[in-house]
Amino acid sequence: MPVVSDEVRAVLARAKAEAAIQSNSGMSPAQMRAARAKRPAWLGLEKREMQSVEDRHIAGRGGPLALRIYTPMGAVRGERPVCLFFHCGGFMFGNLDSDDAQCRRIADVSGCIMVSVDYRLAPESKFPAAYEDALSAWDWIVAHAGDIGGDGRRFGVSGASAGGNLTAGVCRHARDSGGPRPAHQLVYVGAFNVYPLVPSNQSHAAGGSDASYAAMVRDAYRRSEADRDDVRYAPLIASDFGGFPPATLMLSECDSFVDEGLLYADKLRAANVPVEVHIAPGQIHHLFPWAAAFSQGAGVLDRGAMALRKSLKV
């Protein structure tokens, strides 16, 4: 079994001592979100300067949908590709602020205009709310790339954890709708609602992202057990991944969701989709949201962003 690094153990001990890791027992979703918002600053990356950062609201399938648009320094209007981004948080947590520093860094390193999506959260908004918001955001950037200074011919899609699930959903939607497709997908520590559970869901528990956490967020998001058989909820149950864009999957060796990411890679390869998989040794699911706390954190973000830059020819 993979062994969590000494550095990760030290970070988790400090985070627990400073109440950055809490038990979710007996807490409402609002209380859990408030607790997460109070996590100490040392867990977060420095926010890189952008040429512009703009918040917008668009008309989504479920009502107004908030986006945040990051234009990197030096961008010339009409020359940069546009990449959609879906934040982490198990469909229950996260917003435009939670992954703000990560989006800035990915925009800076990749050279892409990043568009972060404030999709609806469970349990207040059950499946398929987040999925529908993801598709609304994709359809909007395809139609309005030029309006935000982007190149309307080059697109990418990216996400972390639950955002990886939405990334796969957008890839399928783009393929099947007959419109423009993303030229690349970039997924950090993806979680894909796989059932039956894969081995790492039950054996890797460091940092709180264990089987009980997975059960909590999946129960919160789905309407019923029947959703497990819906490709929009569980994208890896699909049999055909042909036509999906080339993928870069950034995984953590001791993440409870690592086997889900590896399963996605296998399914893409079986469909002859080019895939690069990078596994951070001794690392956990928190590598993305707590990137500043780990010596590998920034490098993992940058490696994924450079793959996006190369694929989109920035």
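The following dialogue explains how several features of this predicted model may be read.

Me: How is a pair of aromatic rings described?

Reply: A pair is described by the distance of the ring centres and the angle of the planes. Rings of Phe, Tyr and Trp (its six-membered ring) pair if their centres lie within 6.5 Å; planes under 30 degrees apart count as stacked, over 60 as edge-to-face and the rest as tilted. This structure holds eleven aromatic pairs. In one of them, Phe-241 and Phe-244 are edge-to-face, with 5.2 Å centre to centre and 70 degrees between the planes. Phe-241 also forms an edge-to-face pair with Tyr-264, at 6.1 Å centre to centre and 65 degrees between the planes.

Me: Why does the pair of Phe-241 and Tyr-264 tie together parts that are apart in sequence?

Reply: Helices (H or I, at least four residues) and strands (E, at least two) are DSSP runs, numbered from the N terminus. Phe-241 lies in the loop between helix H7 (211-221) and strand E7 (247-252), whereas Tyr-264 lies in helix H8 (residues 258-270), so the pair ties together parts that are 23 residues apart in sequence.

Me: Are Phe-241 and Phe-244 buried or exposed?

Reply: Buried means under 20% relative accessible area, exposed over 50%, and partly exposed in between (1.4 Å probe, protein chains only). Phe-241 counts as buried because its relative accessibility is 2%, and Phe-244 counts as buried at 6%. Tyr-264 is buried as well.

Me: How many residues does the largest nonpolar core have?

Reply: A nonpolar core is a set of buried Ala, Val, Leu, Ile, Met, Phe, Trp, Tyr and Cys residues joined through side-chain atoms within 4.5 Å. The largest has 62 residues, and those with the most contacts inside it are Leu-84, Phe-86, Tyr-119 and Tyr-264. Helix H4 (residues 129-144) gives the most to this core, with eight residues. Apart from it lies another core, of 39 residues, including Leu-45, Tyr-70, Leu-186 and Phe-288. Contact means heavy atoms within 4.5 Å. Leaving aside neighbours within four places in sequence, Phe-86 is in contact with residues including Val-117, Tyr-119, Ala-134 and Leu-166.

Me: Is helix H3 mostly covered or uncovered, and what covers it?

Reply: Helix H3 (residues 100-110) is mostly covered, with ten of its eleven residues buried. Among the buried residues of H3 are Asp-100, Cys-103, Arg-104 and Ile-106. Their cover includes strand E1 (52-60), strand E3 (80-86) and helix H9 (297-311). Just after H3, Gly-111 takes a positive phi of about 80 degrees.

Me: Which residues other than glycine have a positive phi, and where do they lie?

Reply: Phi of Ser-161 is near 55 degrees, and this residue is in the loop between strand E5 (150-160) and helix H5 (162-177). Asn-272 has a positive phi of about 65 degrees and is found in the loop between H8 and strand E8 (275-280). Ser-161 counts as buried at 6% relative accessibility, whereas Asn-272 is exposed, with a relative accessible area of 72%.

Me: Where are cis peptide bonds found?

Reply: One joins Ala-122 and Pro-123, with omega about 5 degrees. Another joins Phe-127 and Pro-128, with omega about 10 degrees. Pro-123 lies in the loop between E4 and H4, and Pro-128 is also found in the loop between E4 and H4.

Definitions and conventions:
Residues numbered from 1 in each chain as written. Heavy atoms only, no water.
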